[in-house]
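Open the model in your viewer and keep the selection panel handy. We will go from stop to stop, with a note on what to select at each one.

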Protein chains: 2
Amino acid sequence: MTAVTMTLAQARAWDDTDPLRSFRDRFALPAGVIYLDGNSLGPPPRSAGPSLDRVIRVEWGQGLVRSWNDANWIGAPARVGGKIASLIGAAADEVVAADSTSVNIFKLLAAAMAGRPAPRVILTAKGEFPTDLYLAHGVAATLPGVVVRAVEDDEIEASLTADVAVLLLSHVHYKTAARRDMAAITQRARAVGAVVLWDLSHSAGAVEVDLTASGVDMAVGCGYKFLNGGPGAPAFLFVARRLQPTLRSPLTGWMGHVDPFAFRDDYEAASGIARFLCGTPPMLSLLALEAAIDLWLEVDRQAVAQKAERLWSLMAAQMEARCGGQDFKLISPRETALRGSHIAYSHANGFQIMQALIARGVIGDFRDPDILRFGITPLYLGYEDVWRAVEALREIMLSGDWRRTPPRVAGAVT
Amino acid sequence: MTAVTMTLAQARAWDDTDPLRSFRDRFALPAGVIYLDGNSLGPPPRSAGPSLDRVIRVEWGQGLVRSWNDANWIGAPARVGGKIASLIGAAADEVVAADSTSVNIFKLLAAAMAGRPAPRVILTAKGEFPTDLYLAHGVAATLPGVVVRAVEDDEIEASLTADVAVLLLSHVHYKTAARRDMAAITQRARAVGAVVLWDLSHSAGAVEVDLTASGVDMAVGCGYKFLNGGPGAPAFLFVARRLQPTLRSPLTGWMGHVDPFAFRDDYEAASGIARFLCGTPPMLSLLALEAAIDLWLEVDRQAVAQKAERLWSLMAAQMEARCGGQDFKLISPRETALRGSHIAYSHANGFQIMQALIARGVIGDFRDPDILRFGITPLYLGYEDVWRAVEALREIMLSGDWRRTPPRVAGAVT
């Protein structure tokens, strides 16, 4: 990582020579907005609207029910999964797009419990993304002999005992962006007979992931963050090919049947990754996700990684240079290999500061208790954007504008 | 039911005075198509395209992550659920739109098992819609002491013994359209301490349903059939208010948390129906469903029921009059109160006949082993449509055209 401060003119010069410059035109961000929340919800690719319009008018409207065959809707979960696979170092037949991350966590946690003697421990980390923790507890409340053990990060290794069935971890932490060593942890877990279920929600589209090289057994991830699949886009689910024949989903819906349209009374799981499908997939959301993934498939991912590092470093350096002394504390690791593609600061007045930023069109987000998050997304962000975002933050701090923001609304999405 | 045959001119005359005539213009069916498969996938309301276009351009594209609050995406599952509630005789706070029918069946079956001593029996009927049976077996494979007992229809009553925790039944059968007596069966189940989980997939939007008057405890249903919510539209889930505090979903995702955006480590279920939400909802699919439901809310449902009966009777009478002697056997009950809103025939050459019909633009569907299904959907079907559909079938039979259809493709959606 190279720290770098620059003038607006320099930032613009970097934008001028940005090899990914053309991809910014593939998104339609509103005028006056600098969008630094792609870690929460990616913006729509320009192709999403026309794509859905065609799906609704032609496939649904003209093809009607025939489109399950004629437009290959029936193949969409595997097809989209196969495309996502190429972004995370998996084989095409190891990934499906299905359900939500939460539902997929349940499927895989429960599947991994089969044949294990009690106590069957789900080991996880305190402060993990809540839905991961909640589902772990939901599995424990549902299956006999399952125990959840949530430990501090530095206790994970020591807690990998023989009773651990599954280690459930985010690859990149949703608050701090801290990135875990996927290969090393996977190997350590395997040494005690456990599998790791990796949550890639803040990794896919954010950092290079190589599930195959890392020897990963199971993973889930989110379609609507860095992948830009649309609000609540279907999630994805990975099971290594070698494990597919032995793992069974508890959610034995008809789309996971070996022959759904035989309408047989008895359940027989599909032989491959399709056994982890459950009900009929939400096709409009799924095909919007596909449009977004198709754009990802055009991208030089090395260029993305390079630009992500430069954007991130620029942000960090500008924050030091322009907002130093304002009590922002960087809580993300600085080293590229140790973090994801957002940058997080703590600040005692974080909530109000973020509201003031958003009011100025610089959209990041806030996480309890005091964290400001900014997503670094090379496909649609430029160097000037980052430069201006920090400048806006500086103005808010110097002017005290943040003190005039409305108080927090209970239950509101942050 | 009054059987009635008529000439084309008479059918047209009925269309001319159809009080629901204007609703047919709210759908954009392709020219030359008579769509009799709304029991499988409803066609798009004309409002669906513009609605999704606005959602993508304005809410997602301009509002970005702010739309969770500003466009009230966060309230969509409860809001759409509340609208569906009004179509099935439920209170607004007893229904949410969420996940798939399959996933919702799992949630409610598992929830209903809590606190029951083994054996905990899921009683159901042979030949039920497969995903219902599959999920029952999935729950039995996942939870200890759960047993699935699938019996013939006429054995259900005698099989309601004290060890039955849940009786899982479709209200309207997906093949025959036979409708069960919801109130009577619910009461009988309750008498032995069981609850009924009703699957309304072929009822909602097809027949009048009054969950409250029928004393129903739990129900699920499909958004993409008679409700016209789009391919794979989110499903819905009903839990009577009195049961909500005691039932807990096994799928404890963050959207079912009492305060998801507090991002707490510990799971605390929301107090009402929201506890049955799991992950982030597929918003594009959910808002397409809402557009379809909004159309339903404009409809005089008594007029729908009346027209459905007349269309159904016309179909049955024309089949007798025009296709009598062609070995079609009506397998749906004739009496309105005993059936749903599709009509089914068995025929030894059913698959090929249906293919020939579809090739002529008359779209119904085929179900193993020999069943032709035709959906009767008053919102977009006219009397002339039904008249012409039977006429096309007659021509196919007389000409022997059906013999020239391609053979069945393995794995294809029927």
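How many residues does the contact take from chain B, and how many from chain A? It takes 81 residues from chain B and 81 residues from chain A. Before going further, please keep in mind that this is a predicted model.

**Stop 1: between the chains**

If you search for salt bridges between chain B and chain A, the count is zero.

**Stop 2: a sheet in chain A**

Now select β9, β10, β13 and β12 of chain A; in that order they form an open sheet of four strands with antiparallel pairing. At the edges stand β9 (329-330) and β12 (365-367) of chain A, and each has a single partner strand, so one side of each is left without a neighbour in the sheet.

Zoom in on β9(A) and β10 (residues 342-346) of chain A, which pair in the antiparallel sense over two bridges. Pick A:Leu330 and you will find its bridge partner in β10(A), namely A:Tyr345.

Helix α11 (residues 301-323) of chain A lies across β9, β10 and β13 (371-375) of chain A, and runs at about 20° to β10(A).

**Stop 3: a covered helix in chain B**

Move to chain B and select helix α6 (residues 101-113). From its first C-alpha to its last, this 13-residue helix reaches 19 Å, close to the 18 Å expected at 1.5 Å a residue. Is α6(B) mostly covered or mostly uncovered? It is mostly covered, with 13 of its 13 residues buried. After α6(B) comes B:Gly115, with a positive phi near 80°.

**Stop 4: two buried loop residues**

Select B:Ser203, in the loop between β6 (195-199) and β7 (218-221) of chain B. B:Ser203 is buried, with a relative accessible area of 0%. Beyond its neighbours within four places in sequence, B:Ser203 is in contact with B:His171, B:Val172 and B:Val209.

Finish at B:Gly230, in the loop between β7 and β8 (235-239) of chain B. B:Gly230 is buried too, at a relative accessible area of 1%. Leaving aside neighbours within four places in sequence, its contacts are A:Trp60, B:Leu41 and B:Tyr224. Show B:Ser285 as well: 55 residues separate it from B:Gly230 along the chain, yet their C-alpha atoms are 7.2 Å apart.

Note on methods: Residues are numbered from 1 along each chain as its sequence is written. Chains are lettered from A and ligands numbered from 1 in the order in which they are written. This is a predicted model: local features need pLDDT of at least 70, side-chain atom pairs count only at pLDDT 80 or more; totals for chains, interfaces and linings use all residues. Side-chain values use heavy atoms; hydrogens and water are left out. Two strands pair if DSSP finds at least two bridges between them. Contact means heavy atoms within 4.5 Å. Axes are lines fitted to C-alpha atoms, for helices over the stretch in contact, and angles run from 0 to 180 degrees between N-to-C directions. The expected span of a helix is 1.5 Å times one less than its number of residues. Buried means under 20% relative accessible area, exposed over 50%, partly exposed in between (1.4 Å probe, protein chains only). A salt bridge is a side-chain nitrogen of Lys or Arg within 4 Å of a carboxyl oxygen of Asp or Glu.
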